[in-house]
Every structure is written in structure tokens, then in C-alpha cells.
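Hi,

Here is the structure I said I would pass on. Have a look through it, and then read my notes below.

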Amino acid sequence: MSSATPTRVELDYAGSERLTMNMGPQHPSAHGVFRAVLTLEGETVIDVDAVIGYLHRCHEKLAETLTYAQYPSIASKTDYVAAMTSEFAYVRAAEMIGKIEVPQRAEYLRVLVSELQRVASHLLWLGTWCMDMGGALGGGATIFLYTIRERELILDLFESLVGARLLYGFFQVGGVRYDLPDGWAASCLETVDVLDGRISEYERMLEDNPFFMARAEGVGVISRELAEDVGISGPLLRGSGVAYDLRRAEPYSVYGDLDFVVPVESSGDCLARYRVRMVEFRESLKIVRQVLDTLPAGPVSSRPGLKSVAQTRIPKGEAYARIEGARGEVGCYLIADGSAKPYRMKWRGASFSNLAVLPHIIPGHKVSDIVAIMGSVDPVFGEVDR
Amino acid sequence: MTSEHATTLIGERFGSAQVENGPPLTVTLPVDAWLPFAQFAKDELRCRYFSFLTAVDWKDQGLDVVLKIDNVDDNLSLIVKTRLEPGVSSCPSLTPLYRGANWMEREAYDMFGIVFEGHPDLRRILLTDDWEGHPLLKSYAVDTPHPPYR
């Protein structure tokens with residue numbers, strides 16, 4: 001019989017060996033195609049090389065070959081989870097150069113769909129992030145199925161408005177393409193009421209769960225200095241203590257007339273980013289209610305019924321239009337040469353800049369934390385790679 | 001830091017700069033003032049937020065390098081431009097100053113072939129390492145195939 005004391009096995013590991021591991025390009029937590037080449041010491045990551053570009057389609061070259069009327073529906077394919085916001089940035093840049101007037105009703109409709117889009121995008125983020133963090137959260141897929149169910153309600157609204165569920169082509173230079181169909185506002189208000197209640201439900205499910213808190217609190221801290229230096233934006237920036245929201249800092253469209261709160265958290269960890277987005281859910285719903293209450297009557301476009309796609313000509317000039325999208329500053333830097341197509345177009349993708357912070361924050365964490373950090377950054381690879 | 005105050009400071013320190021009122025404030029500089037200006041903008045104008053860096057191909061007139069930085073506390077936005085003369089394809093790197101410039105400069109190198117002097121890790125970012133040419137140059141034809149196909 002051996003003694004009751006268990007034999008201690010000495011592993012021959014003293015931190016002298018480093019392992020290079022590929023996480024991706026096909027990894028479920030990447031939500032797209034992303035490869036992280038990790039250098040590990042045991043379970044601890046000491047270096048990350050982020051490899052991107054798997055979804056690159058050279059949108060910027062493509063935009064030089066398409067007219068101002070054609071490109072907005074392609075713009076939605078950069079950030080396909082929040083397609084409305086990229087369309088918004090592009091048409092706004094063209095309108096800024098051409099000083100094209102947009103009717104008030106169209107501005108309200110733009111804000112309406114942008115805020116619904118933010119809610120839909122945050123719902124997808126919450127579900128997939130919690131699913132990544134796995135079984136500890138009450139079966140892993142539970143929250144995911146709930147949020148997808150709610151996101152479906154918003155996609156149904158978009159479908160009855162535009163006819164498409166994912167990529168819309170709703171924006172056009174000078175306004176929007178469609179007006180609200182009969183009964184749409186009523187069903188939108190019903191959806192908003194449903195969502196309001198469900199968000200509190202998610203919060204209880206997550207914040208009462210010690211496993212969730214342990215995986216989110218103090219993990220992936222981004223300091224304010226790093227946040228600005230890398231240029232992250234949106235909920236990440238506001239989670240790091242910077243009160244910067246373009247809807248407030250540079251009120252575009254009709255945001256100046258609307259009442260909403262910009263949430264800021266100072267701890268900079270995954271939990272802070274979660275808290276910021278949970279407040280944004282409610283604030284977006286609040287904006288949707290205000291817009292439906294005050295929606296003015298009138299036309300939805302200043303340039304309706306264009307006969308040919310080349311009819312929208314933008315005079316010589318340049319502009320940088322930026323929109324506070326679900327993931328942050330979606331910017332479109334546009335140079336027009338007076339023809340029907342842009343001379344140069346640059347996308348400042350919020351996800352690209354947000355992802356660039358990863359190599360600075362991951363080292364020092366365990367491999368399992370990468371999943372939590374990646375999820376809290378919420379990158380969409382269509383927008384990273386463009 | 002108001003936009004007028006910033007314009008005055010820029011005028012005092014950089015006589016060679018042309019400033020257009022914005023927003024965003026647009027500053028055009030010769031390439032040798034590129035790095036000193038970025039340092040000045042970060043320290044004195046407190047533009048610590050790195051928004052983006054890109055380039056524009058003006059065919060036989062050379063390339064523009066375009067930088068956007070912000071002062072998020074005072075809500076001051078700055079677009080800074082410099083012209084690389086035809087045949088010149090190198091520009092000082094801002095990566096030692098702004099960590100966000102790392103990926104953006106790699107993208108500008110990838111798409112325009114601009115070599116950023118002093119960049120710690122200048123390699124392609126979106127295209128594969130063996131890609132030939134720089135697609136956002138106007139001389140890179142969009143309607144002809146570029147073998148090898150992949």
C-alpha cells in the first residue's frame with residue numbers, strides 16, 4: 001500500500017519553453033476570419049501577431065468605379081452587422097461636399113433606423129460574446145438564443161421597411177429610399193416595449209452569475225492613454241473613461257434635438273464595455289420612441305425619382321463624414337472630382353482601429369481570456385478588412 | 001483649445017503650413033515638417049486621439065499622405081496633409097508617436113507602396129505577402145486581371 005499522501009509529480013517546466021500557436025483563421029470566437037499567432041509560456045500569452053485581411057475586397061478601389069447612386073448599397077457590405085451606419089457615412093460625405101439638402105423627415109428616419117440598427121448589433125454582440133464564454137453562463141447558448149430571438153424582431157421591422165433583412169440600401173444621396181409603410185410605427189413601438197423588458201432580464205441573468213463576473217471583471221483593461229493613442233472608439237473608448245460620442249460631440253442629422261444619455265465607465269475592462277453597451281440599448285430605444293413621437297411629415301428625399309444612376313453628380317471637393325455606429329466612429333473620407341464617381345474614398349472602419357488594440361492588451365492574459373476580450377471588442381471582419 | 005487658438009499656434013510654429021478653417025481644421029505641410037508637426041499637435045494642441053492615416057494618388061502630381069487626429073476634450077479635429085513629389089515614396093513614420101499609426105501605415109504601404117521610415121514592422125496587412133503591386137494607385141488597373149489568380 002502506498003502512503004495516503006499523494007505522490008507529487010514534478011513537471012519539467014520552468015518557463016524555458018515557448019510555444020507558438022495559431023488561433024484561427026477558423027476559430028468560432030473570432031466571429032469571422034481572423035488569425036492570432038500567439039506566443040505562449042504555458043497558458044500565458046506573451047505576444048500576439050494579429051493577421052487580418054481574409055475578407056478584403058478592396059472597397060476603396062471598388063468605390064472609385066461605382067457612382068454615388070450605386071455605392072451606398074455596397075457600403076452596407078463593409079459592416080454587415082450594422083449595415084445602416086456605413087450607408088449613412090457614405091451618403092453624408094457626398095451630401096457634405098455637394099451641400100445637398102436632406103428633408104427633415106428623412107433625417108428622422110435615418111436616426112430611427114440607425115438606432116434600431118445599434119440595438120440589433122448590440123443584441124448580436126451580447127449573444128455571441130456570452131456563447132463564446134461558454135457553459136458557465138447557464139448552458140452557453142441560452143443568452144444567444146434569447147438575443148437572436150429579439151434581434152429577429154428588429155430585422156422583421158427592417159424587412160417590412162426595405163424588403164431586406166441584412167443589407168439594406170436604404171440611404172441615398174439626398175434622403176432615404178422608402179417611407180414608413182402603414183402600421184409600421186405601431187409595430188415598432190410594440191417591439192421597443194418588448195425589448196425594454198428583455199434587456200433587464202439579460203442583466204439579471206448575467207450580473208447575478210459569479211462566473212460571468214469573474215470572466216469579465218478586471219480582464220482586458222484598456223487605459224485611457226492607450227485608448228486614445230490607438231484610436232479605439234465607441235463603447236470601448238467610453239468604457240475607458242473618455243466621454244466621446246459623435247452624436248454629442250459633433251451632432252449630425254437631428255441628434256442635437258434628441259434627449260439621450262452617453263454612458264461612460266472608467267475601469268476599461270470587459271465589464272465596463274458590457275455596462276456601456278447595456279445602457280446604450282436603453283438609450284437607443286429611448287431615441288426610437290422620441291423619433292416616432294416627433295416624426296415630421298413631408299418628403300423623404302430631396303432627389304426622388306432619379307432616372308439614371310449617373311445623375312447624381314457631386315462637385316469638386318472633399319469631406320470627412322463620421323457617424324457614431326454600433327462599434328464606434330465609422331468614417332468616410334471622400335474626394336470628389338466633379339464626375340459621377342468619387343476620385344478617392346477611404347473607410348475609417350471602427351472595427352479596424354478597435355482590433356488594433358488587441359496586441360497591446362492581450363499579453364499577460366491566459367489563452368481563455370482572449371475569447372472574452374475579443375468578444376468584448378466586438379469586431380466585424382467585413383469592416384476590419386473592407 | 002479653440003480652433004482659432006490652434007490656428008494661431010500653428011502659424012507661429014510652422015510658417016510653411018497652410019491652414020484652412022474647418023471643421024475639421026486642414027493643415028498642409030512640406031514632408032520635412034511631418035514628424036515635428038505631429039509631435040507639436042500631440043503635445044501642444046493635445047490632439048492625442050489618432051483617428052486614421054491614409055494616402056491619395058494624384059497621378060503625375062505625386063501622393064498625398066493624410067492624417068486625422070483629434071483633441072477629444074476640446075472637440076478639435078485636425079486633418080494634416082503632406083505631398084510626396086512624383087518618384088518619392090518615403091515618408092517619416094508616426095508609429096513611435098501614435099501606436100494607432102502602426103496598422104494604418106502598414107495599410108498605406110500595402111495599398112500605395114509608401115515606405116514609412118522608422119516603422120518597426122512595415123509589411124503588408126490586408127493583402128498576402130507575395131502580392132504584386134499596390135492596388136489603390138491609379139496606375140493599378142481595375143478592369144484587367146492580375147495573375148497569379150487567387
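In what sense do β1(A) and strand β2 (residues 35-41) of chain A pair, and over how many bridges? The two run antiparallel, with five bridges between them.

Before I go on, some housekeeping. Residues are numbered from 1 along each chain as its sequence is written, while chains are lettered from A and ligands numbered from 1 in the order in which they are written. This is a predicted model, so to speak of a local feature I need pLDDT of at least 70, side-chain atom pairs count only at pLDDT 80 or more, and totals for chains, interfaces and linings use all residues.

**The sheet in chain A**

The β1-β2 pair belongs to an open sheet of three strands, ordered β1-β2-β3 (chain A), with antiparallel pairing. At its edges sit β1 (19-23) and β3 (44-51) of chain A, each pairing on one side only. On average, neighbouring strands here are turned by 25° against each other, direction ignored. A word on terms: strands are DSSP runs of E with at least two residues, helices are runs of H or I with at least four, and both are numbered from the N terminus. Two strands pair if DSSP finds at least two bridges between them. Axes are lines fitted to C-alpha atoms, for helices over the stretch in contact, and angles run from 0 to 180 degrees between N-to-C directions.

Buried takes 20 or more other C-beta atoms within 10 Å of a residue's own, exposed takes 12 or fewer, and partly exposed is in between, with C-beta atoms placed from the backbone.

**Where chain A touches chain B**

The contact draws 26 residues from chain A and 23 residues from chain B. On the chain A side, the elements giving two or more residues are α1 (59-65), α8 (224-230), β7 (329-336), β8 (342-348) and α12 (350-355). That side has eleven nonpolar, seven polar and eight charged residues. For these classes, Ala, Val, Leu, Ile, Met, Phe, Trp, Tyr, Cys and Pro are nonpolar, Asp, Glu, Lys and Arg are charged, and the others, Gly among them, are polar. Contact itself means that the C-beta atoms of two residues, placed from the backbone, lie within 7 Å.

The largest nonpolar core has 145 residues, and A:C332 and B:L78 touch the most other members. Helix α4 (residues 104-133) of chain A gives the most to this core, with 17 residues. Such a core is a set of buried Ala, Val, Leu, Ile, Met, Phe, Trp, Tyr and Cys residues joined through C-beta atoms within 7 Å. Leaving aside neighbours within four places in sequence, the contacts of B:L78 are B:P24, B:L25, B:V27, B:A41, B:C47 and B:I69.

The axes of α4(A) and helix α14 (residues 367-377) of chain A come within 9 Å and cross at roughly 180°. That makes the two helices roughly antiparallel (over 145 degrees; under 35 is roughly parallel, 65 to 115 roughly perpendicular, and the rest oblique). A:T128, A:W129, A:D132 and A:M133 in α4(A) meet A:V371, A:A372, A:G375 and A:S376 in α14(A). These contact residues divide into four nonpolar, three polar and one charged.

**Positive phi in chain A**

A:S253 is not a glycine, yet has a positive phi of about 50°. A:S253 is in the loop between α10 (246-249) and α11 (270-294) of chain A and counts as buried, with 20 C-beta neighbours inside 10 Å. A:D378, also other than glycine, has a positive phi near 60°. The loop between α14 and α15 (381-385) of chain A holds A:D378, which is buried, with 27 other C-beta atoms within 10 Å.

**The hairpin in chain B**

Strand β3 (residues 49-57) of chain B has eight of its nine residues buried, so it is largely enclosed by the rest of the structure. β3(B) pairs with strand β4 (residues 63-71) of chain B in the antiparallel sense over eight bridges, and B:T54 has B:V66 in β4(B) as bridge partner. Five residues lie between the strands of this hairpin, where B:K59 takes a positive phi near 50°.

B:K138, in the segment after β7 (115-117) of chain B, touches B:D57 and B:K59, not counting residues up to four places away in sequence. B:K138 and B:V56 are 82 residues apart in sequence and 9.3 Å apart in space, C-alpha to C-alpha. B:K138 is partly exposed, with 15 other C-beta atoms within 10 Å.

Cheers
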